[in-house]
Amino acid sequence: MALEKSKKIMPHPAEYVARQDRLKRSLEGIFGIVQSPQGYDVLGEHAVRLAKAVDCARVPSIGADGVIAEVPDWHRQRIIPIVSLYPSEVAYTTMDGIAQEQYNAVLREPDLDNAVKWDLAVMYFRNTKKENHHRRELSIPAQRSGKTTSSVVNMTRKGQENIAAGVIGQPSIVVNERIIQLVEMIDTLSHEMIHGADYLDYPVWMMDRDGMAEQHRLSYELRAHAIGWRVGRIALDQGYRMIGGRSMLASSEAVESIRQRVNGDFLSPNAFDPNEELIEALDDAGLKSIYS
Ligand SMILES: [Zn+2]
């Protein structure tokens, strides 16, 4: 087992520089799109939120030990680190735990009891100490174009098995280095950046207030797909080339067309409602995996 573990493949630091450049170019592409008149027309207030998220994006280098460069004082800042990995690779982050902004949101939560807040406080302060040498493994499944990941603290109620509340930590984004086309990277990054902003803005989930975890997740996924797909479309309109067919963009398009058919206008208040009809339509189309 120990031998297996040491066999993990990590990106070569010198080779990784090219990936950082491509990530930066994709982020610049998104920033240009959301700040263009067309971006604002199509995305409305989501354009502003995405621009803010891109502003928080960080593209750290990776060391020979596979650990990504820590952003100094990361937990006191609003940052969203991004790494690009092949499905066969792993990297490690020390920027894991609860960031200050999230901790503040926990403290503001009137329905979380104090014992829970104390536990989270311990976690927050522990994870901000360098001497902990805490690192979390990052990777990407072959079939995914990107993912946003963090530690999660789940809470159950006394005497009950079901999870009643959860607090999500500092987000990290991993994108699939197999993505060849810049447009696909722009769609994927837009989608994941929205998740990153969601993690920082709404770190607390409570079943009594927010509904079942699965439905809550679906609502967030619908929004991320709707935004990612639109940014990808605008990129094509603005002259980004797509050579050959779409591979990964296809799922965003499928999800968004179903959402639009059932819930209507993207800018309407109920656009991302996780209702029964929508759940059924997604399940029928074989898209259940986007939220479950
Ligand atoms: Zn997603």
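Student: Leaving aside neighbours within four places in sequence, which residues is Met193 in contact with?

Tutor: Met193 is in contact with Leu50, Ala53, Val54, Ala57 and Ile80; two residues are in contact if their C-beta atoms, placed from the backbone, lie within 7 Å. This is a predicted model, in which local features need pLDDT of at least 70 and side-chain atom pairs count only at pLDDT 80 or more, while totals for chains, interfaces and linings use all residues. Residues are numbered from 1 along each chain as its sequence is written.

Student: Which residues touch the most other members of the largest nonpolar core?

Tutor: Ile30, Leu50, Ala53 and Met193 do, in a core of 58 residues. A nonpolar core is a set of buried Ala, Val, Leu, Ile, Met, Phe, Trp, Tyr and Cys residues joined through C-beta atoms within 7 Å.

Student: Why is Arg209 called exposed?

Tutor: A residue is buried if 20 or more other C-beta atoms, placed from the backbone, lie within 10 Å of its own, exposed if 12 or fewer, and partly exposed in between. Arg209 has 11 other C-beta atoms within 10 Å, so it is exposed. Arg209 is found in helix α8, residues 207-210. Helices are DSSP runs (H or I, at least four residues), and strands are too (E, at least two), numbered from the N terminus.

Student: What makes α2 and α9 roughly perpendicular to each other?

Tutor: Helix α2 (residues 13-35) and helix α9 (residues 213-237) pack at an angle of about 90°, with their axes 10 Å apart. Axes are lines fitted to C-alpha atoms, for helices over the stretch in contact, and angles run from 0 to 180 degrees between N-to-C directions. Angles under 35 degrees count as roughly parallel, over 145 as roughly antiparallel, 65 to 115 as roughly perpendicular and the rest as oblique. The two helices are therefore roughly perpendicular. Gly29, Ile30 and Ile33 in α2 meet Val231, Ile234 and Ala235 in α9.

Student: Why are α5 and α6 called roughly antiparallel to each other?

Tutor: Helix α5 (residues 100-108) and helix α6 (residues 114-127) pack at an angle of about 170°, and α5 and α6 are therefore roughly antiparallel. Tyr103, Val106 and Leu107 in α5 meet Lys117, Leu120 and Tyr124 in α6.

Student: How many helices and strands does the protein chain have, and why is the chain described as compact?

Tutor: The protein chain has 11 helices and 9 strands. Its radius of gyration is 19 Å, close to the 19 Å that the globule rule gives for 292 residues, so the chain is as compact as a globular protein of that length. The radius is taken over C-alpha atoms, and the rule is 2.2 Å times the number of residues to the power 0.38.
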